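Hi everyone, thanks for making time for this. I'd like to walk you through one chain, so let me put it on the screen.

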Amino acid sequence: MTCSTRRVFLTTCLVVLLVSSSGSLDKKVSKQGARIYVTNESSGDLSVIDASTLEVIATVPLGKRPRGIHASPDGKTIYVALSGSPIGGPGVDESKLPPPDKTADGIGVFDVKQNKLLRLIQSGSDPENFDLSRDGRQIFVSNEDDSKASMIDVASGKVTKTFAVGEEPEGVKIAPNGKFVYITSEDTGTISVIDIAAGKITKTFKVGRRPRSVAFLPNGSRAYVNAENDGTVVVVDCIKHVVIQTISLGERGVIKPMAVLLSHDAAKLYVSTGRGHKVFVIDTATNRVSGSFEVGERPWGVALSPDGKTLYSANGPSNDISVVDLASQKVVRKVQVGRGPWGVIVVQQ
């Protein structure tokens, strides 16, 4: 065998070896089954975590202030609320903040397979959170700084309707029957009920101070809404759209309910509590607190693994995600992500 032939042979063997290794890796990744996606508000990017190894496998730039995050029904696309308004919040003199960059406002469209942001859908001023219809054709968005909600047609990428809601709208949730949407307004402490078919707000009602998140029971009979500044979660009759019960979690100002999330069987409600450092568990059969556990520094967004055995919490100040084994209610791992993690979802691959 000549030197030239030997080089060709060795090169061919190396290519075959690399292709074989790559194929094995692809099969391994596909078997792992799920990835965790985290929006990092301060660093403006998306952390992608392998749910099996709990390693960050990618950090993807998104734009300014990524917060709300949801996947399309088929799991192929991830949508993210992006905002060019500077970060404010309690204790911040907003008159000294730089002017907002309205060109950065919108809903980012992220392709899961390509692992990149494809485009930005204009959605209104300072979008914070949103929800998708079951068929993935419509998005309802809360636009924080102009007290409005937007309805977007995904195919055209156009706003088809706007609604005047309460001040500082945040939480958005479409009812299980797809007929109406709840929009929470932090500053006014209300929920606006949007009738989707009629294209109008049919009712606005009080739910407590600084509501941010909504979770509907699968049958749509009740909803749970946090009241951050009251230290409570309220139970809503979704037929009459009225509060029927208030569940206290602890001392006001110490325990600050943020996100509400139902277990897959809807038997439990998980509530993150910000400065309270804990996630509370509510038994939805009795509407009583059944326990709580420490997760980290100011937990906000929460998500569950596909099998419902693990909870993930986004801890803003410590720039990490807590991984909680729900059987033992213990943090088994913390994963460092970008700066100011806000939202977290899990997508089956």
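Let me begin with a question: why is strand E2 (residues 45-50) largely enclosed by the rest of the structure? Because six of its six residues are buried. By buried I mean under 20% relative accessible area, with exposed over 50% and partly exposed in between, using a 1.4 Å probe and protein chains only. Strands here are DSSP E runs of at least two residues, helices are H or I runs of at least four, and both are numbered from the N terminus.

Before going on, the ground rules. This is a predicted model, where local features need pLDDT of at least 70, side-chain atom pairs count only at pLDDT 80 or more, and totals for chains, interfaces and linings use all residues. Residues are numbered from 1 along each chain as its sequence is written, and side-chain values use heavy atoms, with hydrogens and water left out.

Now the overall picture. The chain has one helix and 28 strands. Of its 349 residues, 52% are buried. The accessible surface is about 16000 Å², and carbon and sulfur atoms own 52% of that; these areas come from Shrake-Rupley with a 1.4 Å probe, and for residues only the protein chains shown count as cover. Contact means heavy atoms within 4.5 Å. Among contacts with a separation of 6 or more, 41% are between residues 24 or more positions apart.

Back to E2. Asp45, Ser47 and Ile49 point one way from the strand, while Leu46, Val48 and Asp50 point the other way, and all are buried. Which strands does E2 pair with? Two strands pair if DSSP finds at least two bridges between them. E2 is antiparallel to strand E1 (residues 34-40), over six bridges, and Thr39 has Leu46 as its bridge partner in E2. E1 and E2 make a hairpin with four residues between them, and Gly44 in the turn has a positive phi of about 70°. E2 also runs antiparallel to E3, joined by six bridges, with Val56 of E3 the bridge partner of Ile49. That hairpin has four residues between the strands too, and there Leu54 takes a positive phi near 60°.

Let's stay in E3 for a moment, which spans residues 55-61 and holds Val60. Is Val60 buried or exposed? Val60 is buried, at a relative accessible area of 9%. Leaving out residues up to four places away in sequence, Val60 touches Asp45, Leu46, Phe110, Asn115 and Lys116. Val48 is 12 residues from Val60 in sequence and 7.9 Å away in space, C-alpha to C-alpha.

Next, an open sheet further along. Its four strands are ordered E12-E13-E14-E15, with antiparallel pairing. The edges are E12 (169-174) and E15 (200-206), each pairing on one side only.

Last stop: the largest nonpolar core, which has 15 residues. A nonpolar core is a set of buried Ala, Val, Leu, Ile, Met, Phe, Trp, Tyr and Cys residues joined through side-chain atoms within 4.5 Å. Tyr224, Val233, Leu249, Leu269, Val271 and Ile282 touch the most other members. Strands E18 (232-237), E20 (260-262), E21 (268-272) and E22 (278-283) each give two or more residues to this core. Beyond its neighbours within four places in sequence, Leu269 has contacts including Ala215, Tyr224, Val233 and Ile282.
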